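Subject: Model for you to look at

Hello,

I am passing on the model we talked about. My notes on it follow below.

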Amino acid sequence: MTKIILSAVAGAAALTLGAHAASAQTLEAVKAKGYIQCGVSTGLAGFSNTDDAGEWTGLDVDFCRAMAAAIFDDPEAVRFSPLSAVERFTALQSGEIDVLSRNTTWTMSRDTALGLNFVGVTFYDGQGFMVPAELNVDSALQLSGASVCVQSGTTTELNLTDYFSANNMEYNPVVFEGLEEVNAAYNAGRCDVYTTDSSGLYAIRLTLDNPDDHVVLPELISKEPLGPAVRRGDDQWFGIAKWVYYGLVYAEELGISSENLEEMLASENPDVRRALGGDGTFGADMGLENDWLVKIVRHVGNYGEVFERNVGADSPLQIERGLNALYTDGGLQYGMPIR
Amino acid sequence: MTIATIDSSASQPARASLFYDPVIRGVVFQVLLALFIIYLVYSGVTNAANNLARAGIATGFGFLNNRAGFDIGQSLIPYTANSTYRQAFFVGLTNTIFVAAIGIFFATILGFIVGIARLSKNFLVRKVAEVYVETLRNIPLLLQLLFWYKAVLSALPAPRGSIEMFNSSVFLNNRGLIMPQYLAEAGASIFYASIAIGIAVAVVIARWAKKRQMATGQIFPTIRVALGLIIGVPLVVLFVLGVPFTAEYPELSGFNFRGGTTIRPEFMALLLGLSLYTAAFIAEIVRAGILAVSKGQTEAAFSLGLRPNTTMRLVIIPQALRVIIPPLTSQYLNLTKNSSLAIAVGYPDLVSVFSGTVANQTGQAVEVISITMIVYLTLSLLTSAFMNWFNSRVALVER
Amino acid sequence: MSDTHAETDVATTRLAFVRDDFLKSEAPPVREGGFGHWLKVNLFATPKDTILTILMALFLAWILPPLFNWAFFSAVWDGSNREACLGEGQGACWAFVDAKFGQFMYGRYPIDERWRVDLTAILLIVSLVPLAIPSVPYKKFNAIFLLVIFPIIAFILLTGQFGLPPVRTDLWGGLLVTLVVAIVGIVVSLPLGVLLALGRRSHLPFVKYASIVFIEFWRGVPLITILFMSSVMLPLFLPDGVTFDKLLRALVGVAFFASAYMAEVIRGGLQAIPKGQYEAADAMGLSYWQKMRLIILPQALTLVIPGIVNTFIGLFKDTSLVLIIGIFDLLGIVQLNFADPNWAAPQTAITGFAFAALVYFIFCFGMSKYSLYMERRLDTSHR
């Protein structure tokens, strides 16, 4: 009897302790299982969406693919977990996913109280409004009394409240849990206005019955820096995620793209040589191989390519670079130097 | 005395090994089970604590006092974006109770009608009731809710093309049912008081009438008098006071109707779905209850010369209620729990406001979902307590 | 008085009357059968009945012709996109269901691998149908196959083991997921429910209270909060690095939820078994498990078959809730397809719902009719 109890207690202790020992080493765990588990949205054109063949595409998806390329030299070594807005943080906190790349706004409380570390801003966005063209509205300030469709549990919901109360306008919130429900409600005429991040508005407009019947209003009422996040408590993994992002941007700054990669590998420019692993042990110091950025650019491209392919000129969304241009072009994207 | 001695002496040699002693086996088994459960709970709690602590996630219930910052579409109690999460919780709770209470009211009425119709001698009535019950019982409630919300209510016209009713004072469109609102003026309180007095007097008269009937056998027309007191008197008071209410009619302005009260389509869909679905179950309970009253009771009542209606009212229903009420209570509980499906149609009930929005805004899923579960558990335990109390009260006292 | 006596006396003294011809036969009574009589009894018995009948007939005349018209006569049966269903005054857009049928059944299960789902379904039907028909022999082997071997085969086939290309569960969907959730729930909840019911009636206090707490907890909260818990909260309670498949977590929640309800149904059956049966089993010297397995449970389970089937039906309907945590069961995938711009037409949503409702109805109604049939068949020993 005592033996049984003792062994049960020992087993319990072993399990709990064993669990602790495994905690910090995300990179080891990822390498062991052979893929990255990446949390994405349940479907937002341009950011994370499945195409007709069931393949995931989008800006958020490509960030995860870039990480997989850096670690495994294989952009397909990713598995995607589609997550609702409510599920996303717990999924990351609990270790169900390794990285959350799900058009998530970087806010202070999320950074401090939710156990997340935001990696960087892959897309500078702002919240906007979309209305049916037949309402003849050309400014958000004319929206008093409107019914507004919004997804629950998002920063969007909070900004909306602040904006209307700051401008002394009344509104009637129509709130849904899932993005599909909000889309359906707006499409069915349940509300006059749809509000979300402006990139989202452009994406959603494409899926409406008649996209041309809807206009996106010029006002942006908030700052929505969207970016991937990792679990707190593993600095190595945080570092890798951060540098995959900086690497994407830095590659664009240096003019390294998937097309000219072979030429660049022969380049004598010391910045390029350091970035592409010709000099130094930057990759190895991070826990990867020195040609990590070569792999990223080869498989995924640089930040500019990723942007244009998914949301920019080469995509149906046709979003301008704007704030997302490199700092040299008047934008905010700034890759930290690899040195 | 002797038996006891024989017994003990006989059983003594049988216990060859402690392993076969049922008492010891029982204890050992229970200790093992207890250890297993303690282990599960312990490891769950430590895992959660470790996971939360390691990731630096805020814990505790302090968040309840923070500013909520989001708006809620429908609220019975004062609530703004500046209210706290605690108030948001109460908004969700009252919304749940509100839709459940109204749903229970309609489901009961419809359920009794359909249940009695299923026993009708009229073929057509019986069949229609049967089809109603079989169809609604065998289709998931969630599907029915979505059907009402997405297929029926969102197919209504936009505000500008509203369906107008009652001389353009009531409008139906995809934003809801918009009705005039009656605002109280001075003197309205006298009207309210007259209703209260009417009810009080009716109760007193009903008691007196019952006592008198018990004592003398004379029947007093209680129902008519009570109706007169509760409806008639306040009506008279209303007109004497010159109708102390102003109607605020809804008007189309800007995007939407202004003024009046709006019943939102989310609420209508949830109410329709819950009432129609639960009514099908209540109908079956009512039917079973009536069938459970033995035929001899009906025959005895007929042989006493009671008419079918009177038989139903005085003999069958009181006895059937004994059978009906316990399962009926659990249907009420089911309806309340099913109202949590509100999240699918966007009605701000407890689960949708609290487990949905608040959980996500604060990130404290463990606390928020635990509170939600405790609320429903409490409701359900209260219901079963009521059921036990009722059962012991109405249980047949046989003489 | 005396006169009559005298008369009678006289009559009796006379010769007994012997009839030597047949009475002329009476005309047959007005026929009590036939359609007219049926109408009179069932529809027009009293004036009130007549009014009710007319009202009902009007109601049906108001509702049925448009319904049939919508569903059949003015419905669109074929077409490849929304254009087909945009016509004015058109009824159901069955072309939508036709085009999306594969998705509704399999979700995003890879098309090349769908034969595995079909094979699993055929195996299920082949093993379930003989088990359901009472006169087919080999019930024991059949049941063992269905409850032990079939789940293993189904698991191998559906997830892809032993060389079959693996198919991740996030690709599963449609009726496949509905059936997987329902069947796993049913298969797990029955034995677990039996154990819990026995636990609740146990004499061991700890076992008893542990069972009560478990049962009351799961019965007391709505399924949706359980699903929320399993999808949002459960991961936090697991050791770091241990993760469950999303579908599996939902399955665990649904199965526990159903077992609690099942336990209460079975407890009802246990309570209905006369005490004498327990005592007789004890007197025979049977152990606790022998007593339960051989004497009590067979009787108790037979008694509560309707309740068990009702729990199954409830479970089957409740599987639709998994769509709220982002698993695309039949209802979820139907709804998801409303968003397809290719099929955006006024009748799409209502047609999709009608199709889903029909599928659910067939399963649930079938189960309830089968339970009625079994109830009547087994209803020999009592009453």
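Helices here (H or I, at least four residues) and strands (E, at least two) are DSSP runs, numbered from the N terminus.

Some conventions before the rest. Residues are numbered from 1 along each chain as its sequence is written, while chains are lettered from A and ligands numbered from 1 in the order in which they are written. This is a predicted model, in which local features need pLDDT of at least 70, side-chain atom pairs count only at pLDDT 80 or more, and totals for chains, interfaces and linings use all residues.

Confidence in chain A

pLDDT is the predictor's confidence in each residue, from 0 to 100. Its mean over chain A is 85, with 92% of the residues at 70 or more.

Chain C

Helix α4 of chain C covers residues 94-106. Its 13 residues reach 18 Å from first C-alpha to last, close to the expected 18 Å; the expected span is 1.5 Å times one less than the number of residues. Residues of α4(C) that are buried include W94(C), F96(C), K100(C) and F104(C). Buried means that 20 or more other C-beta atoms lie within 10 Å of the residue's own, exposed means 12 or fewer, and partly exposed is in between, with C-beta atoms placed from the backbone. The buried residues of α4(C) pack against α5 (114-132), α7 (174-200), α14 (330-338) and α15 (348-378) of chain C. After the helix comes G107(C), with a positive phi near 70°.

A300(C) sits in helix α12 (residues 288-303) of chain C. A300(C) counts as buried because it has 22 C-beta neighbours inside 10 Å. Leaving aside neighbours within four places in sequence, A300(C) is in contact with I266(C), G269(C), L270(C) and I273(C). G268(C), 32 residues away in sequence, is 8.2 Å from A300(C), C-alpha to C-alpha.

Chain B

Chain B has 13 helices and eight strands. Its radius of gyration is 29 Å, whereas a compact globule of 399 residues would have one near 21 Å; the radius is taken over C-alpha atoms, and the globule rule is 2.2 Å times the number of residues to the power 0.38. The C-alpha trace spans about 95 × 75 × 45 Å along its principal axes. Of the 399 residues in chain B, 35% are buried.

M312(B) lies in helix α10 (residues 308-338) of chain B. M312(B) is partly exposed because 16 other C-beta atoms lie within 10 Å. Its C-alpha is 41 Å from that of V240(B), 72 residues apart along the chain.

Chains B and C together

In this pair, 44 residues of chain B are in contact with 44 residues of chain C. On the chain B side, α2(B) gives the most, with eleven residues.

Regards

Notes: Contact = placed C-beta atoms within 7 Å.
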